[in-house]
Amino acid sequence: MKTYRNGRNDMNLMHEELARAQMTARLGEAHELRRGHQLALARRMSRKAEQAAQQARLALARAI
């Protein structure tokens with residue numbers, strides 16, 4: 001942290017650094033949430049694909 005003789009400047013710099021740290025933390029949280037949503041979506045799509053494949057196998061077995 002930069003320090004100046006002026007107390008107001010010090011407080012402003014502290015507030016700016018705190019705001020930057022909070023913004024970085026929020027961005028990190030957003031990335032984690034996005035990754036979680038993408039993983040959940042991939043799992044759902046995989047289950048649907050497996051169900052569709054199973055239905056296709058059953059339909060083929062009935063047709064034979």
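In which helix is the place of Arg43? Arg43 belongs to helix H1, which covers residues 7-63. The structure is a predicted model, in which local features need pLDDT of at least 70, side-chain atom pairs count only at pLDDT 80 or more, and totals for chains, interfaces and linings use all residues. Residues are numbered from 1 along each chain as its sequence is written, and side-chain values use heavy atoms, with hydrogens and water left out.

The chain contains one helix and zero strands; these are DSSP runs, helices being H or I of at least four residues and strands E of at least two, numbered from the N terminus. Of its 64 residues, 2% count as buried. Buried means under 20% relative accessible area, exposed over 50%, and partly exposed in between (1.4 Å probe, protein chains only). The chain exposes about 6200 Å², of which carbon and sulfur atoms supply 58%.

Two salt bridges are counted, each defined as a side-chain nitrogen of Lys or Arg within 4 Å of a carboxyl oxygen of Asp or Glu.

| Arg20 and Glu16 | 3.6 Å | four residues |

On the surface, Arg43, Arg44, Arg47 and Lys48 gather in a patch of positive charge. Such patches comprise residues with over 30% relative accessible area and no salt bridge, like charges being joined within 9 Å and nonpolar side chains (Val, Leu, Ile, Met, Phe, Trp, Tyr) within 5 Å. Arg43 is exposed, with a relative accessible area of 52%.

How values were computed: Accessible areas come from the Shrake-Rupley method with a 1.4 Å probe; for residues, only the protein chains shown count as cover. Lys and Arg count as positive and Asp and Glu as negative; His and the chain ends are not counted. The place of a charge is taken as NZ of Lys, CZ of Arg, CG of Asp or CD of Glu.
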